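Let's walk through this one together, strand by strand. Keep the structure open beside you as you read.

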Amino acid sequence: MAAIGVLKAPHTYTSSSTISNNERRYFRKSLFLTRINGSSRRNLLLNSRNFCRSIPAKSLSFSSSQLVGDKIKQTSSVQRRRAGAHSDGRNSLIVSPKAVSDSMNSQTCLDPDASRSVLGIILGGGAGTRLYPLTKKRAKPAVPLGANYRLIDIPVSNCLNSNVSKIYVLTQFNSASLNRHLSRAYASNMGSYKNEGFVEVLAAQQSPENPNWFQGTADAVRQYLWLFEEHNVLEFLVLAGDHLYRMDYEKFIQAHRETDADITVAALPMDEKRATAFGLMKIDEEGRIVEFAEKPKGAELKAMKVDTTILGLDDERAKEMPYIASMGIYVVSKDVMINLLRDQFPGANDFGSEVIPGATNIGLRVQAYLYDGYWEDIGTIEAFYNANLGITKKPIPDFSFYDRSSPIYTQPRYLPPSKMLDADVTDSVIGEGCVIKNCKIHHSVVGLRSCISEGAIIEDTLLMGADYYETDADRRSLAAKGSVPIGIGKNSHIKRAIIDKNARIGDNVKILNSNNVQEAARETDGYFIKSGIVTIIKDALIHSGTVI
């Protein structure tokens, strides 16, 4: 059985006493979620495609926007609601197709389309102290991921797969590697004739008007608001640069327009065990957010329970997941963003704890949009380690890079295929251009250009690989000096560790943490231990015979 959003022609009903709340909820659920079998599903998908082709997109989108010449003219949601309230004394309730299924086959019909009407803003995060030492020489979004990629590739790829092609990345720490990666990965193929697509990094900067660095997520957007408002768009799509997930933002944007929202917040269903670690939201029967609570416990937690069937979960899942947490991902109407950051909350620094709750308090329509899929906040060493090794899980990984309909893009490196000579490799992912000789690798992720020598044993480990190859002459020169080449030396044994790029691990090294040390800072020795996971620093040298 599969769940998919049913695409039907929209109907208009009036809010009156003849339509009960239960009837509204039943009708909304019937549009949100319908269970169908395989043959019916195929017919439905064909019919939905034909429906989108045959009916003009404007009849499916309720954003009240229109094209005037080359400019997009928008009536603000507040003005639309006021106008509707004075028309005949009743508020019109628009019932329209809801895209709840995560399948790329379900249809969205945005008018105007996202490439022209949406600006993506990816927040690179702070100094990344919880991910240190991985952030010692790079910004958090530039941290390598899944053998071939970097964290920033996830939100950028989600944008491109969702037809959002105007993208800014905001950062203020160690942005050199992030700049280099984005320019190599996306600069050459984003812009073309009649295509204004781009991916650009905006680093924090001081100006006569604002001598401070970014003070938080909202402050970062505010400091570049002068640039963002020059773009002729309807909405800003605000994203985080350190999350691992796959999401169709077009459905997210469509839900924002159809509900006539000022702000739409992506929400993740939660069980009671996980809910205490997140900022929770409470919604009314229309999915409108009415209350926030930051990491509640006890009675306060119980008070945040909601009926998640309103957002599209079936009854069984709704009982398991009675809470919704903010994912830190927002669609904000352009005029609303400008008003909130400049006029309503000019001193607010953070979206999640200040701007979004403040918008609710002053009466703006803040809607929740349910995302019921894999999502991981890569904020700590442990979360980063688990997310990477999760891609080796059998039979289905936590997050798959093998989705043909929504691929993850990255920098083309033109590396040769990996070469494995008499190697025993099980339950692992191997990146491009690796040379692996007569060793054992189990439940590990091996990054690009990794060199692993004879007799090595790699278990439950993330190897990030190398930025370049060393020639035979380089290796002979290093050996003459008593140094170690990049890679894993002969007969070394590594378990439950992260080996950052360009690390030099000598022969007969043991990285096993046999004493189960949970926390240790040994930067001068080339490693840290956090949550029991040993992390070898980028460019570190671990001499032969070392035991960690």
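**A hairpin and its sheet**

Start with S36 and strand S37 (residues 527–530): they run antiparallel, with four bridges joining them. Arginine 522 makes a handy landmark here, as its bridge partner is tyrosine 527 in S37. The two strands form a hairpin with four residues between them, and in that hairpin glycine 526 takes a positive phi near 95°. Keep in mind that you're looking at a predicted model.

Now zoom out to the sheet. S36 and S37 belong to an open sheet of seven strands, with the order S24-S27-S30-S33-S38-S37-S36. The pairing in this sheet is mixed. What stands at the edges of the sheet? Those places go to strand S24 (429–430) and strand S36 (519–522), and each has a single partner strand, so one side of each is left without a neighbour in the sheet.

For a parallel pair, move along to strand S27 (residues 445–446) and strand S30 (residues 462–463), which are joined by two bridges. In this pair, valine 446 stands opposite leucine 463 in S30.

Mean pLDDT for the chain is 81, with 78% of its residues at 70 or more. Two stretches call for a second look. Over residues 1–69, pLDDT stays under 50, and the model has 129 contacts beyond four places in sequence for them. Residues 82–105 also stay under 50 in pLDDT, and for these the model has 58 contacts beyond four places in sequence.

Key
Residues are numbered from 1 along each chain as its sequence is written. This is a predicted model: local features need pLDDT of at least 70, side-chain atom pairs count only at pLDDT 80 or more; totals for chains, interfaces and linings use all residues. Side-chain values use heavy atoms; hydrogens and water are left out. Two strands pair if DSSP finds at least two bridges between them. pLDDT is the predictor's confidence in each residue, from 0 to 100. Contact means heavy atoms within 4.5 Å.
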